[in-house]
Amino acid sequence: MTVGARISVVAGLLVVVVAFVVWVVVGILLPTPPTVDFTTAQASGAPVNLTVQTVGSIGVGYGDHPTWVSYMVKSPSGQWIHSTVWQVPAHTRINLTIEQYDSGSPLRNQQWGMVAGTTGGTATLNGKTFRVYDSNSGNGVGHTFAIPTLGINIPLVGVPSNATNVCSQAPCGLSSSPHNIITASFVTPGPGNYPWQCFVPCGLGYLFGNGGPMSTLGYMGGFLDVVSS
Ligand SMILES: [Cu+2]
């Protein structure tokens, strides 16, 4: 083996070792949100009621980023939890309710304004069924709830941009802050870990809006952890 070949082998091995160390350190340092269990609160085969909220800023008491936009989830016992990892049973109807407390804007991609992958291909906005929301009208869209591998997309219409007493501390209250209620249902597939995320670049103050809360587990994305029922 020539000296050059040896150097490249050693350099190659060094890259592998460094990559491994970075992977381990990042895995230890990055907090993983707690898994919220929705598999046992109801009878086997019964629909799961999954209620979440989207907040413009999570507020104090949730770690180092009080200004970050985030999702919250209501546990089966009715407690709001800062987590985006939800465990649900396979082949089960999920009745999703999203309390949306954030303002919106026109979408960069109008495709995200279309409801997809839900039962009937529809969702409801404050009780009214809709299939598509024109984000260039009204209050625009604040976030989307999307599970790309299941073809699910739900646009979350924003609250008026001139609204007062907008919620800035999670959990937000239906009686105290302006909000929209979006509902939709879908049926879970077989077991697997299905990533979900918001596709609206809502990480204000970060490059193209896609850093910070958009790229941190526990804020604008998480996992639907589907387990056999
Ligand atoms: Cu978002």
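User: In what sense do strand S2 and strand S6 pair, parallel or antiparallel?
Analyst: Parallel: strand S2 (residues 48-55) and strand S6 (residues 93-100) are joined over seven bridges. Strands pair here if DSSP finds at least two bridges between them. This is a predicted model, where local features need pLDDT of at least 70, side-chain atom pairs count only at pLDDT 80 or more, and totals for chains, interfaces and linings use all residues. Residues are numbered from 1 along each chain as its sequence is written, and side-chain values use heavy atoms, without hydrogens and water.

User: Which residue in S6 is the bridge partner of Gln 53?
Analyst: Glu 99 is the bridge partner of Gln 53.

User: And what does S6 do with S11?
Analyst: S6 pairs with strand S11 (residues 180-187) in the antiparallel sense, over eight bridges. In that pairing Leu 96 has Ala 184 of S11 as its bridge partner, and Ile 94 stands opposite Phe 186 in S11.

User: Back to S2. How does it pair with S3?
Analyst: S2 and strand S3 (residues 70-74) run antiparallel to each other, with four bridges. Thr 54 faces Tyr 71 of S3 there.

User: Is S2 mostly covered or uncovered?
Analyst: Mostly covered, as seven of the eight residues in S2 are buried. Buried means under 20% relative accessible area, exposed over 50%, and partly exposed in between (1.4 Å probe, protein chains only).

User: What is the strand order in the sheet?
Analyst: The order is S4-S3-S2-S6-S11-S7-S8, an open sheet of seven strands with mixed pairing.

User: Which strands stand at the edges?
Analyst: Strand S4 (80-81) and strand S8 (128-130) do. Each of these two has a single partner strand, so one side of each has no neighbour in the sheet.

User: What about the rest of the chain? How many helices and strands are there?
Analyst: The chain has one helix and 13 strands. Helices (H or I, at least four residues) and strands (E, at least two) are DSSP runs, numbered from the N terminus.

User: Where is Leu 13?
Analyst: Leu 13 lies in helix H1 (residues 3-29).

User: Is Leu 13 buried or exposed?
Analyst: Leu 13 counts as exposed because its relative accessibility is 52%. Over the chain as a whole, 42% of the 229 residues count as buried.

User: Switching topic: which are the protein donors of the copper ion?
Analyst: They are His 143 (ND1), Cys 198 (SG), Cys 202 (SG) and Met 220 (SD), at 2.1 to 2.4 Å from the ion. A donor is an N, O or S atom within 2.8 Å of the metal (3.2 Å for Na, K and Ca); water is not among the atoms, so sites may look incomplete. Along the chain, the copper donors follow the spacing H-x54-C-x3-C-x17-M. Cys 202 and Met 220 are 18 residues apart and link distant parts of the chain, both in the loop between strand S12 (192-197) and strand S13 (221-227).

User: What geometry does the copper site have?
Analyst: The copper site is tetrahedral, with angles of 97 to 124 degrees among its four donor atoms. Four donors get that label if all angles lie between 85 and 135 degrees.

User: Is Cys 202 buried or exposed?
Analyst: Cys 202 is buried, since its relative accessible area is 11%. Met 220 is buried too, with a relative accessible area of 0%.

User: Last one: what does the chain span?
Analyst: The C-alpha trace spans about 75 × 45 × 35 Å along its principal axes.

Key: Tetrahedral: all angles 85-135°; square planar, octahedral: opposite > 155°, others 65-115°.
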